[in-house]
Structure formats: structure tokens, C-alpha cells
Amino acid sequence: MAIHTALINELKYEASNTRKILARIPEEQFNWQPHEKSMSMERLACHIAELPRWINYMMAATEFDFARDTFDRVKVSSKDEITTAFEDIMQQALALLEKAMDEDLNIKWSLRRGEIKAFELPRKVAIRNMVMNHIIHHRGQLSVYLRLLNVPVPGMYGPSADER
């Protein structure tokens, strides 16, 4: 199986889980945050929605430098806008992966801020870590936000306590 096929299948599966949790966000709680150092619910949901955009950056160049490059943040005013942004960004990411050859995905990609390099990994590994694992991590945070607000939490990898 080609590398891009495996990444696409996993990304599509995780996208279905992401849709479930984004659908539960209560708009009236957009500004809520569990702690002063935590992101607001809106910012966290937007961050989850924007993460697949990293695939665009990864496939367009061999590095991203926060000192030079600009990451386009998702800004919204409604839950529908978050969902639309996620769908649009996800479709762009999937389209790029469809065209990717194994040799493209084996090329090293690095994340840096000026002279400080955070990491350098093959694109296929960077996609798993900075996109998929990152989304899963923040979905977990969002599920805690929902639980603290008594919003039923959807199951991701089987039923949740709210779906039994």
C-alpha cells in the first residue's frame, strides 16, 4: 500500500471522530475556559479545525519557520463556521495527499523558529505527529471541556459514558 493511501485512510477516519465532537460544542459557551491558562472553547475548536492545514505547509516546502512564515488561523463566529472551516481545510489536505508520491512523503520536513529547530522528520511522520496526533490530543481536551459543562461527550473509539 502506498504511504499516501494509509495516511488518507487514517485522516478520514479521524475526521469522522472530529466531526462528532465539533458538533457538540455549545455556541453559548464559546468563551468558556476551564482555567485562565487554557484556550477558550472557541479557540480550541478552531485550532482543531485548522490543524489539517499543516499538510499544505508540509507538502509545499521542506520547512516552516515561525520567524518568517505565517500560519493562517481559523477565526469564526459560529459553530457552523468551525465545521465549514474544518471541512474545507480537510478537503484541501486530502487532495494534496492524493497527489503525493512515497518519495515526497519520505522527504525531511522541519519546524523551526529562526535558528531554533523544533524537529526534523520525514513528512509522513510529521503529518502523523503534527496533524493526526495533535488533533487527537486536542479532541481529548475538548471532551473534558464538554464533560465539565455537562454536555454529552461522543464516543471516539467506542461508546462514551454518555452513549451506553
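A crossing of two helices is called left-handed if the near helix is turned anticlockwise from the far one by less than a right angle, and right-handed if it is turned clockwise. In this structure, α2 passes α6 in a left-handed crossing, whereas the crossing of α2 and α4 is right-handed. The model is predicted, so local features need pLDDT of at least 70 and side-chain atom pairs count only at pLDDT 80 or more, while totals for chains, interfaces and linings use all residues. Residues are numbered from 1 along each chain as its sequence is written, and side-chain values use heavy atoms, with hydrogens and water left out. Helices (H or I, at least four residues) and strands (E, at least two) are DSSP runs, numbered from the N terminus.

**Helix α2 and its cover**

- Helix α2 spans residues 41-50, and 9 of its 10 residues are buried.
- Buried means under 20% relative accessible area, exposed means over 50%, and partly exposed lies in between, with a 1.4 Å probe and protein chains only.
- The buried residues of α2 are M41, E42, L44, A45, C46, H47, I48, A49 and E50.
- The cover over these buried residues includes α1, α3, α4 and α6.

**α2 against α4**

- Helix α4 covers residues 79-99, and α2 packs on α4 at an angle of about 20°, with the two axes 8 Å apart.
- The angle makes α2 roughly parallel to α4.
- Axes are lines fitted to C-alpha atoms, for helices over the stretch in contact, and angles run from 0 to 180 degrees between N-to-C directions.
- Angles under 35 degrees count as roughly parallel, over 145 as roughly antiparallel, 65 to 115 as roughly perpendicular, and the rest as oblique.
- On the α2 side the contact is made by A45, C46, I48, A49 and E50, and on the α4 side by I82, F86 and I89; contact means heavy atoms within 4.5 Å.
- Sorted by class, this contact of α2 with α4 has 7 nonpolar, no polar and 1 charged residues.
- Ala, Val, Leu, Ile, Met, Phe, Trp, Tyr, Cys and Pro count as nonpolar, Asp, Glu, Lys and Arg as charged, and the others, Gly among them, as polar.

**α2 against α6**

- The angle between α2 and α6 is about 155°, and their axes are 9 Å apart.
- That angle makes α2 roughly antiparallel to α6.
- M41, L44, H47 and I48 of α2 meet H134, I135, H138, R139, Q141, L142, Y145 and L146 of α6.
- By class, the contact of α2 with α6 has 7 nonpolar, 4 polar and 1 charged residues.
- R139 sits in helix α6 and is buried, with a relative accessible area of 3%.
- Beyond its neighbours within four places in sequence, R139 is in contact with E14, N17, T18, I21, I48, M156 and Y157.

**The nonpolar core**

- In soluble globular proteins, nonpolar side chains tend to be buried together.
- A nonpolar core is a set of buried Ala, Val, Leu, Ile, Met, Phe, Trp, Tyr and Cys residues joined through side-chain atoms within 4.5 Å.
- The largest such core here has 48 residues, and those with the most contacts inside it are L11, W54, I127 and L142.
- At least two residues of this core come from each of α1 (3-22), α2, α3 (53-60), α4, β2 (108-113) and α6 (123-148).
- Helix α6 gives the most to this core, with 9 residues.
- Leaving aside neighbours within four places in sequence, L142 is in contact with I21, L22, I25, M41, L44 and I48.
- Helix α3 is largely enclosed by the rest of the structure, because 7 of its 8 residues are buried.
- The buried residues of α3 are R53, W54, I55, N56, Y57, M58 and M59.

**Exposed residues**

- K75 lies in the loop between β1 (63-65) and α4 and is exposed, with a relative accessible area of 71%.
- K75 and S110 are 35 residues apart in sequence and 26 Å apart in space, C-alpha to C-alpha.
- T70 lies in the loop between β1 and α4 and counts as exposed at 57% relative accessibility.
- Not counting residues up to four places away in sequence, T70 touches Y57 and F64.
- The C-alpha atoms of T70 and A2 are separated by 31 Å, and the two residues are 68 apart along the chain.
- N150 is found in the segment after α6 and counts as exposed at 71% relative accessibility.
- The phi of N150 is near 60°, a positive value in a residue other than glycine.
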